[in-house]
Amino acid sequence: MIRVPRRPALAVLTAPVLLAAAQPQAVPTIQSPPPPPSVVAPPPVVAPPRAMPRLTDAQLGELRAILDTADANGIAPSDATSAAPTSQDATTLINAALDYAKAVHHGRLAPEEFMKDWGLRPAEYDPWPGFLDAVQKNRLTAWFNSLPPPYAGYDTLKKALARYREIEKAGGWDTLSEGTDLVPGASGDRVAALRTRLAIEDSALPEGPAKYDADVTAAVQRAQRRYGLEPTGSVGKATLAALNVPAHDRVRQIEANMERWRWLPAELPQHRIQVNIAAAVLTVFDADKPVLSMRAVTGRPGDETPMLSSMIHSIVFNPPWNVPTSIAKRELWPKGAAYLKSHGYRVIGSGPTARLQQAAGPKSALGRVKFDFDNPYGVYLHDTPSQGTFDRYSRLASHGCVRLAHPVDLAKLTLQGSTDWTPDAVDAALAKGSTVRAPLPERIAVFLFYWTAYASADGRVSFLADPYSWDSALADRLKTSADRAKQQMAAR
Amino acid sequence: MRRRLPILAGATLLALFAAACHKPEEPAANESNVTEPAKPAPPPAPKVEKPVEAPKAEAPKAPPPPEVMPDQQVLDDADATGMTARTDRGSDGDAGAAANGGEGQ
């Protein structure tokens, strides 16, 4: 519900991360959403001179082959792969290989290029020791192969990148013309164009007439699922807009998401909670397997839910809500004293420092359950009395917190193993209505991700809208970083 | 199948009843040669229109999408929140981390 930037800048997060954050219930200082930060190129890094290892011709050839495939990981290759292995060219080649190693393992962005809300960040990484080790042990290819993020989600996106680049190379797809909604039973040129467009991404759609038949309807529903839209089977404005995103933009979207995978820890805890902010969905993993999922509501544009990792340490049943000043000023004070009283708000303090607190209860904006984890943004997972929002397909409506459709289920699951907080005890506490904090028997990691492109094992590629425009912001930064890397390479 | 017989029987009865009621009013074509009944005004020739999108009101509704079973929904949601199953990168799977002095990104 509440999302409050507390610090102007974030420290680098490591996972699982426990930042010395302010207490979530404290009344924070509110800041207006800052303007998008401009990308400031850092000063050129003057690397200390390093004694280059002597590589055999075979090893230099190996490096060239590796760099030739760098683009498959969405990393722009350097220009150092064609020269014969003179000593000078070998140095250039090694520098290019080190640049690629760092980019594919850690990502291209420098710390200062991260947006404030991109709180999930990679640790510093120097490929040099690993590279020397690989040269000495003559296993360069194996070492380079070990560097990309070791996750299925990255590998499936890599395949998707190859596929969508092929589509782009083949001309992409034509923009579908606007008009009245296309519905089953329709026919004509627009339907023919729709069928052609769908078939480019959906091999299950057979060739057929220019008629909106059952095959087209099913293909539209599949496409709508891939785009996170309601699968109505008809093509309205939102579906048309998703179908008309150019293939080139889809390639950039995949590359941006691959970069985000590089920000993840090298290993995730086996027991964890993952949220996709863009999809507004939460999944609980136990022993690395998904065991529970539910719909969520995440921050609306302007009140973005930040990407982060942390550890949930406790659950508050029947929590009061300390209203952030900005929300109180913007949304509550204007409604008057009668409204505030009828909705359980009380004024704490007086004068300019007066603040609002909403008592626990059925009207509390935090609902009956709040999951606390330390973070510098003042966000958490919680229940909500606004259950209707979960029926929507687009569920970006909060002030930055993550609202949950089934918080009690999650509470009981995360409290498993507690002798005090059995499921019955949870129910009793909720029924009683008084505010009580339940510490988790074991802290559980929580990751708030922002995935707008992901591919299933069967090759189905889903593209969600980019509600926060973080894909385009990241793609621009990646280009800037890649250009800078090339300049630095040329200057060496 | 179990429902078909009664339905068929009912339909037959209904057809019989309907036939009994309406047949006399609709002489067979070969019995109506005494006076040519006034031809009803021919219906306006159907407009041969270019195939266009069907108007909304007449459009058949799209069938509901196939239901997703709860277990499958959890798997789909897991895909959406990040396919974080680890992949085997070979024997050098942690070479990057090890060579970097132990990595905890």
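Visitor: Is Pro122(A) buried or exposed?

Guide: In this predicted model, Pro122(A) counts as buried because its relative accessibility is 6%, and buried means under 20%.

Visitor: Where is Pro122(A) placed in chain A?

Guide: Pro122(A) lies in the loop that runs between helix H2 (87-106) and helix H3 (128-136) of chain A.

Visitor: What separates the C-alpha atoms of Pro122(A) and His105(A)?

Guide: A distance of 9.2 Å separates those C-alpha atoms, and the two residues are 17 residues apart along the chain.

Visitor: Let us turn to helix H12 of chain A. Which residues are buried there?

Guide: Helix H12 covers residues 407-414, and its buried residues are Pro407(A), Val408(A), Leu410(A), Ala411(A) and Thr414(A). They lie on the same side of H12(A), because the arc they cover around the axis is only 160°.

Visitor: Now the interface. How many residues of chain A are in contact with chain B?

Guide: On chain A, 72 residues are in contact with 38 residues of chain B. The area buried between the two chains is about 4,000 Å², and carbon and sulfur atoms give 54% of it.

Visitor: Which three residues supply more of the area that chain A buries than any other three?

Guide: Those are Ser146(A), Pro150(A) and Arg225(A), with 11% of the area that chain A buries against chain B. By class, the side of chain A touching chain B has 39 nonpolar, 21 polar and 12 charged residues.

Visitor: And how many salt bridges are there between chain A and chain B?

Guide: The count is 0 salt bridges, whereas 14 residue pairs are found in polar contact across this interface, both residues being at pLDDT 80 or more.

Definitions and conventions
Residues are numbered from 1 along each chain as its sequence is written. Chains are lettered from A and ligands numbered from 1 in the order in which they are written. This is a predicted model: local features need pLDDT of at least 70, side-chain atom pairs count only at pLDDT 80 or more; totals for chains, interfaces and linings use all residues. Side-chain values use heavy atoms; hydrogens and water are left out. Contact means heavy atoms within 4.5 Å. Buried area is the accessible area (1.4 Å probe) that two parts lose on being put together, summed over both. A salt bridge is a side-chain nitrogen of Lys or Arg within 4 Å of a carboxyl oxygen of Asp or Glu. A polar contact is a pair of N or O atoms within 3.5 Å; within protein, one must be able to donate a hydrogen and the other to accept it, and residues adjacent in sequence count only if both atoms are side-chain atoms. Ala, Val, Leu, Ile, Met, Phe, Trp, Tyr, Cys and Pro count as nonpolar, Asp, Glu, Lys and Arg as charged, and the others, Gly among them, as polar. Buried means under 20% relative accessible area, exposed over 50%, partly exposed in between (1.4 Å probe, protein chains only). Helices (H or I, at least four residues) and strands (E, at least two) are DSSP runs, numbered from the N terminus. The arc is that of the directions from the helix axis to the C-beta atoms.
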